[in-house]
Each structure stands twice: as C-alpha cells, then as structure tokens.
Amino acid sequence: LDLIVLRTLATMGPQHAYGIATRLQQVSEDLLRLNQGTLYPALVRLEQQGWIKGAWGKTENGREARFYAVTRKGEGALQAETQRWRQISGFIEKLLWEDS
Amino acid sequence: MSRWRRFLAKLSNLFRRERAEKDLAREVAAHLALLEDEYRRRGMSPEEALYAAKRAYGSIEQAKELHRDERSFPWLEQSWQDVRHAWRSLSKSPGFVAVALLSLAFGIGVNTAIFTLVNGILLKQLPLPDAGRIVQLEGRVETPDRTFETSRFNFPVIRELRRQEMVFQDVIAFWARSAILEIGNEPVRVDLELVTGSYFSFFGTQPALGRLLNEDDDAVEGANPVCVISYEAWQTYFGGDPKVIEQAITIDGAMLRVVGVVPRGFVGPELQRSADVWAPTAIKSSILPGGRELAGMIWLAALARLKPGISFEEAAARLQAASPVIEAALPDERANKASVYQIRDASKGYDSWRKTLRDPLLILMGAVLLVLLVACANLTNLLLARMNDRRQEFAIKLALGISRWRLLRQLLVESLLVALAGGAAALLISVALTRLLLALFNAGSRYRTLEVAPDSTVFLYTLGTCVVTALIAGLFPAWQASRAGVHLGPRTMTHSRRQSYVRRSLVLVQVTLAVVLLFGAVLFAHSLGNLKTVDLGFDMDQVLTVEVGHRNRARKVEPEAAALVLDQLLARVRQLPSVERAAFSNPAILTGGMIASSFVITNTSGETTTLNNVHYLDAGVGYFSTLNMPLLQGRDFLETDRPGSPPVVIVNQQLASQAWPGENPIGKRVDGMGLKSAEVIGVVGNSKYTNVREDTKPIAFRAFAQSKTTWGALQIRFRGAPQPLERDIQTLVKSVAPNYQISHAATMEILRDSLIAQDRLLTFLSSLFGFLGTALALVGVYGMISYSVTRRTHEIGVRMSVGAQRGQVLWLFVRDAFMLLLFGVLLGTPLAVTLARLLEAMLYEVTASDPANISITVALLLLSGILAAYLPGRRATRVNPVQALRCD
C-alpha cells in the first residue's frame, strides 16, 4: 500500500487523503475498495520516514485539507522500492509459472 | 537511516500526544467534509451525503486507532494507560492494597536488609581496577608436633616477601588496634593502624590534605614519628581545620606529627572497616614494647598485588618454591619457623569476616527467600480473590473487544505497581533493620566493628525482587482472569472448585514454609538460651572489668613501682561507695586475652610429668570472692604472698584431677608460669576463661603480686549502674596515677554478650523471620477462611435453618483450617528437621531432632492457626439464616 500511495502522489502531484483514495479507486477500477480511513497508517509511515511531507492547504472548493507531496528523498525511495517490487513480483511470477 | 528517522518521529509523538490527536481529528474532519461535498455534488440531500460519507470512510474510531498505532509506540502509550488504569483500580480497594503492601514491604524488606549484608560482606569487590590481582598472604607452618595456618607475620618476613619481585608487584602489611587519642583533656577511642610505607600507593590513594605516608617514613625505626588521619577524624576531632598539618598528637602515649589527611570514603584492605589514624610500622616501639624487627612477634597482616601477566596458580607455585629461600634469609630465632607461604584471593578485601560470616549469612539469605515466598503466596491469594470478584468487569472488557493479552498486561501492571510500592516501603524497612543489625552485632565488640552500607547493587536487587515477585504472584491470577471471562453469568462450579484448590495449595505451602522458619527460630532461641544460662563457674552479674596500665605501653615500668600504684588504686577503688569487692587479674576473663604455659609436676618418687598448654591467669587477693568462685580446698591468696615470699599457685578442679588424679593436690609442687617449685595452696571450681562455648579447661592461677605484671584488669563487684562507677574510676586514676589510663571498661554481661553476638543476631533474625513467616501464613489462613465464609453464606443459612448449631457451623470452618494446618505441619516438619542439619554447627547444645523443639513449633503454629481461622469463622455463626437465604 505504501508503494501505491507513494506512486499516486508522484504521478498526480500534491494531493489530500480523499484525493488519493478517489484516485486509487479509479485506477484499480473499483477492484480495490478500501475503507478510506485505512489510508492513514500508510501516510503516517511515509511521512515519518521523510518520503512525503504534509501541509495544510485549501481545496478548489475552499475546503481545508492536508496536502501530501513527495519529497526529493521520497522520489529516490520510490525508484528503489519500485525496483525491488519488480524484482520480487518477477520472481513470484516466475515461480508461479513453473509450478503450473 | 529512514528507520532511525521514523524512530525519532515516533519518540517525539510520544510527548506530543495531544497535538497529534488534534491534527488527526482535523484531518479526519477534512476528509469527511470532502467526501460529503462529493456526495452532495452527486445530488444527495445534505443529510444523506453525511451518512454516505461516513459509510465510505468506514469506522472513524478504527481509523484513528490505526493511525495511533502507526504514529508512535502503542505499547508504550498503552503501558502508561495501564499504569493509570491500575492506579485507579487499586485505589478503589484500599483494604487489598494495605494487606498486599504490608506483606510485600516486610517480605522484600528483610530480603533487602540481609542482601545488604551479603553484598557488603560476600560480594563486593575492592574498588580497585585490578582487584582480581590482589591476594592475601598466608603461611602454613609445619612443625613435628602439628601443622597450622597463620595469616599474621613478623616484620622480617614481610621484608623478604617484598623482595619476591618474580611474584609480587608490591606487598603491604598492616596491624590495627584501638588506641586512645588525647586531644585537650578528653581522651577518645580511635582505630589506629600501623602500615608499611607503600600502603597508600598500593591503593592508589591521593591525599585530601598534606601528604600521605611513604616508604621514607617507614624506612628507619623511630626516625620519623608521623601519622595521617582520616577525613572523618579530621572533621570530628579537628573541626576540619587545615592547620592540623604539622600538629603533634598523642596516641597511646606516643607523640606523632600529623602530615596529611586521607580522602573521605577511603577504602583500605577491608571493605567493612576503616581506621582513624595511620602511622608507619617504624613507630611501633613507641606504642608497644619491642621493635618491629622482633622476629618472635607475629602481628602483621599482609596483602599483595600480583605481578602483571602472572596467573594466580603460577604465582602460588612460584611463592611455594621460593619459601625455603625466604626462610633461609630470616633470623634464626623466630616464631612460626618453617613456613610455606601461600596466597589466597583477596579481590574482596582482606578476609576478617567472610570466613566466619559466610555460612550464617547464606542461611539467613535462604530464610528471607522463604519469607518472601510466603509473602508471594499471600499476594497470589489476595489477587485470586480479587480477580474472582472482578470477573464481571473482565467479561465486559473482553466483550468490548479488549485483547486477552492486553487484559493480562493490565492485571500484571496492577501487581507490579503493588510490588513496587511494597519495594519502596521495603527499602525504608531494610535501612532501619540493617542499622539495627549492625548495632546489635557490634555491641560490646572490643576490636573490630563491622560497617556495611547499602549501595546501587542493593537497590537493583530490591527492584529485581519486586519485579520477580510481581510476576510470580501475579501471573497465575492474571492468566486465570484473562481466560475466565468467556462465560459471563453464574460462576461455574468446576471453575470455582479448581480455584479454591489452588488457593488451598498456596496456603498449604505457606504453612509448610512457616513451619520451617519457625523451627529455625525455635532452635536458635533454644541455643541462645543455653548460652545465656550456661554455668560460667562464676557469678557475672554486677561485675565491671576495667583495664589499667601506664598510658604509654611501650614505656618500661619497674614492676615494683607499678605494683605500688596499682595497689594504691585498688585500695581507693574499694573505698568507693558503689563497690562491694574488687580485685586485680591479668588478663581479664571473657575478653579473648589468654596466657598459657607448660606445667611440670614432680611426684613423690621424683618423676616428672609435663602438661602442655595449661591456661593460667594472675589473680589478685580477693579475686575469687569478687567473682563468687567457690574455694573448694585449701586457702585463697593472701596479702602475704608477696614477690619475695614462697611462690604459690591455685588450681581449678579440672587441673587438679588431671595432674593429681585421686590425690590431695594441696602442698604439691609445680614448675611453670615462670615460677620454680610453686606450692599448690588451693583448689577452686571450674570456670570459663576466654569463651562461653569452651569446654572445661584445666586452669592455674598465679598470685597477681608475684607476677611482675605492670598492668592489670580490675574486676569490681558493684551496686547500681556501671556508668557512674566508670566515671569515678576515671577520676580516681587521674588523681592517684596521672600517668596511667583506663581502657576497655565493660561489664561482664557486655563481655559475655559480645562473645555471643553472632548467636544473638541469629536468634533475633530467625525469630523475626519465623514471626514474619508465621504471621504471613496466618494471614493466608485467615483470608482463606474469611473468603470461604463469604462464599458460603447461603449454605450456612440453609444449614442453620434446618437446625445446625452455631458451634457446628464454626466447627465447619475451623476443621477446614485445622486439616490444612495439620497437613502443612506434616509436610513442614520433616523438611524443617532436614534443613536444620545445616544449622547444627551454629547451635550450642541443641540438636535438630530434639522432639521438644519440634513440639513447640507445631504447638505454636497450630494454636495461632486455629485462632486465625476462628476469627472469620465466628462471623459465620452470626449469619442470620433468614437474611442469608433472602439475599441470594
């Protein structure tokens, strides 16, 4: 989940939690129906690791919301993590292929 | 890197809980607002939109909880919650807390007190970085007659040992004794230690003021009469005045120049004792007769530091190999010839206490652990009862979704809190108890006083004990509670039966351990009683012993002149109104001083027999009547037995029967004690000499007037209190013999008590532990019956309504307790008797298997146990059957 959130933020630019949740639902074509509240732990983790940074701002409708943006460090981490994910998923893929 | 950063962020959140919480609420609200906007845009009514948003969001509290888990250390935050929860829950039941606290405070308190002693005497190391290389020197002396070990040496030996550079880096020697320091007009008793030159550099000590003693001070005999004083002595006797340097002080009649002050808290060769004044061994001849080179004088104790890089075994082997060389270099005329030198580990300091106190301390430590176990069982029982009462609460908590682990933790935190509070109270108790113990142990001790103070190790021990206690006592009840909550509703029979089984077993264990503790107490008390009532052979009540001598013992005093002074003094003492009778002796009995001589008997046919090692003492005129010792045959010493008159001797019954079995000893002739052909003029009853525990010894008495001693001990039978008499004698000595001083004034009773100080201490402690163990076990019995009465109120009501008498109801509960007590006694007695074997070496004329001791223990326990059951049982008889039936 951390990786997905990070990826979303990287492609869409600064976004609030609601935005991230909506976006995730769109991208996954409603496959991933999560309770929007479950996003928070991921956001906390990412922020504490210094990969994203949150700041209070206003939405286009004038509502206040906390916007999260990927930091420089977060970008590096995203690349590294993506790399790792690919490796692992490739590996699992291969295993599954061999088994079936 | 990022992990570290996260840790810091979590840590900071720990302290900004409120702010993080506010931020979170704000974010959640914002999120919901956005969702609501969205739904409204889709055309829902505001109300519908609100609900839809909440639905899409999911459980708000759950989300918050997830957030909390991530942002900080949930277990830490929860622990804090647990502590506060425990505090609230405990403060609601002060009765439980009071009983639990008291049990633990005493259980842990006695543990800490005994551990303070164990730590101070058996565990602590010298505060030196290389304590492991410090050894203590000993010698094994092998003579054709016998082989013995010695830990004291003459000065030439020390010098030779210092030359063993292959083994030792350095060797120091020291000799301590109490001395009289004269400041102004007030003489004060201080501890003086004569030390070799490298003593202070051996311990790496820096002076607090001036300089410390060095090799030059100790090089030439008598050349440098200097000394250094302790920081405490500097503060007490000189008011911390820096001008003390270069000041001359008089100690035991010798003038010494103060050159420095030893830093505060200096630890010398021993951890448990320290001196007030240190002087080089080179000044010995100005304090005691005879120079330090005297090879016949065995006086110095020695510590050595092994050479770096050499192992203990290697050092021991090398020293043993070097022994003949050392021996060859020594003067021929000397004591302890043919010694083989040995080393012993002294990383814990020079051993004056460890050897003798080790066994008693370990036994006491075992006893206090038993006491703690009994206290633990108490706490467990209390907790079990408490958990049972709170089953409803747990069931609700579990139903509300608390995890079993969390519930278990909450309950453990509760018991930990109780244990820690108990531990804090225990520390106070232990400090007071330790002080009391040391005072008791040192009371009347003439030479060495034991000093032990608690330190961080003791604190850690107490803390550890608290935690372990909380776990041992709390784990089972907490586990039970966290498991039991499942079935809400009426208590199931099987459950309460198992619990009551556990509770009973715990009380049984308590009773069993109490039997063991109580039995130990009874044995020690019996032994002490024996020691106190043992026939000493003289009447020790109202007898004061005061040693009198020239204030400089090194001074050669003419025996005639001394005799004149002492006689005059004795005459004046006898005139004092509170004095009934008085006489001189040398040495004083029961002080540890002893002299012995061989005793050559010539029988009628001219053959001689020699009795070796006959103890003797010089007794003045009136000595036997002063001590109320019976004169069985012949006559007492008379004023006419003067230095010039024929030498006379009195023997005790034991010596008479050993030397002249079946004959009349009066008129026999003996050689010995420096007398030639002395006539036996009387026989007195047997008596103890140096110790209360000693067997009956053959003892001879020489006439004090014929002994040429220049000092003696006044034995005074007095009326009233000893302190005023002591002051009177002090003034008398000042006016009659200004060059003389009195020392070691003590009543016979104090002397006796100091000889059995260890027994008194052990009796006091074992009684305390026996009492505590029993009291705690009784609380257990009381609690069990009391709980059972409450639980069975209904049943009692039924029984009484169908005609049961009050006595029958009472018997129901008392019988219950009695069976348990009986079972505990049956289990405990064999255990106690077996364990008591360990004590037998410390007991005086008491055997562990003596049925009298066992019956006393059993009777005490059963009676008090039944009383403990009777009190709550009586409550059962007051049950009103109508009410009892109505209430359930």
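## The model and its confidence

In this predicted model, local features need pLDDT of at least 70 and side-chain atom pairs count only at pLDDT 80 or more, while totals for chains, interfaces and linings use all residues. Residues are numbered from 1 along each chain as its sequence is written, chains are lettered from A and ligands numbered from 1 in the order in which they are written, and side-chain values use heavy atoms, with hydrogens and water left out.

The model scores ipTM 0.70 and pTM 0.78. Where pLDDT is low, the predicted coordinates should not be read in detail.

## Chain A

Chain A has four helices and three strands, and along the sequence these follow the pattern α-β-α-α-β-β-α. Helices (H or I, at least four residues) and strands (E, at least two) are DSSP runs, numbered from the N terminus.

Of the 100 residues of chain A, 41% count as buried; buried means under 20% relative accessible area, exposed over 50%, and partly exposed in between, with a 1.4 Å probe and protein chains only. Among the contacts in chain A with a separation of 6 or more, 44% come from residues 24 or more positions apart.

## Nonpolar cores

A nonpolar core is a set of buried Ala, Val, Leu, Ile, Met, Phe, Trp, Tyr and Cys residues joined through side-chain atoms within 4.5 Å. The largest such core has 75 residues, and those with the most contacts inside it are Ile114(B), Phe769(B) and Val781(B). Among the elements that give two or more residues to this core are H6, helix H11 (354-389), helix H15 (493-533) and helix H21 (757-791) of chain B. Leaving aside neighbours within four places in sequence, Ile114(B) is in contact with Leu361(B), Leu364(B), Met365(B), Val368(B), Leu437(B), Leu765(B) and Phe769(B).

## Aromatic rings

The structure holds 20 aromatic pairs over all chains. Rings of Phe, Tyr and Trp (its six-membered ring) pair if their centres lie within 6.5 Å, and planes under 30 degrees apart count as stacked, over 60 as edge-to-face and the rest as tilted. One of these pairs, Phe115(B) with Tyr461(B), is stacked, at 3.9 Å centre to centre and with 10° between the planes. This pair links distant parts of the chain, since Phe115(B) lies in helix H6 (residues 94-123) of chain B and Tyr461(B) in helix H14 (residues 456-484) of chain B, 346 residues apart. Phe115(B) counts as buried because its relative accessibility is 10%.

Phe174(B) and Tyr199(B) form an edge-to-face pair, with 6.3 Å between centres and 70° between the planes. Both Phe174(B) and Tyr199(B) are buried, and they belong to one aromatic cluster that also includes Phe200(B), Phe202(B) and Trp278(B). The charged end of Arg305(B) sits over the ring of Phe202(B), 4.6 Å from its centre; a charge sits over a ring if NZ of Lys or CZ of Arg is within 6 Å of the ring centre and within 35 degrees of the ring normal.

Arg503(B) lies in helix H15 of chain B and counts as buried because its relative accessibility is 6%. Its side chain reaches the backbone oxygen of Asn381(B) at 3.2 Å, and Arg503(B) also lies over the face of Tyr787(B), at 4.4 Å from the ring centre.

Phe394(B), in helix H12 (residues 391-399) of chain B, counts as buried because its relative accessibility is 1%. Leaving aside neighbours within four places in sequence, Phe394(B) is in contact with Met387(B), Leu407(B), Leu411(B) and Ala481(B). Thr604(B), by contrast, lies in the loop between strand E14 (595-602) and strand E15 (608-619) of chain B and is exposed, with a relative accessible area of 81%.

Technical notes: Contact = heavy atoms within 4.5 Å. Polar contact = N/O pair within 3.5 Å; in protein donor to acceptor, adjacent residues only side chain to side chain.
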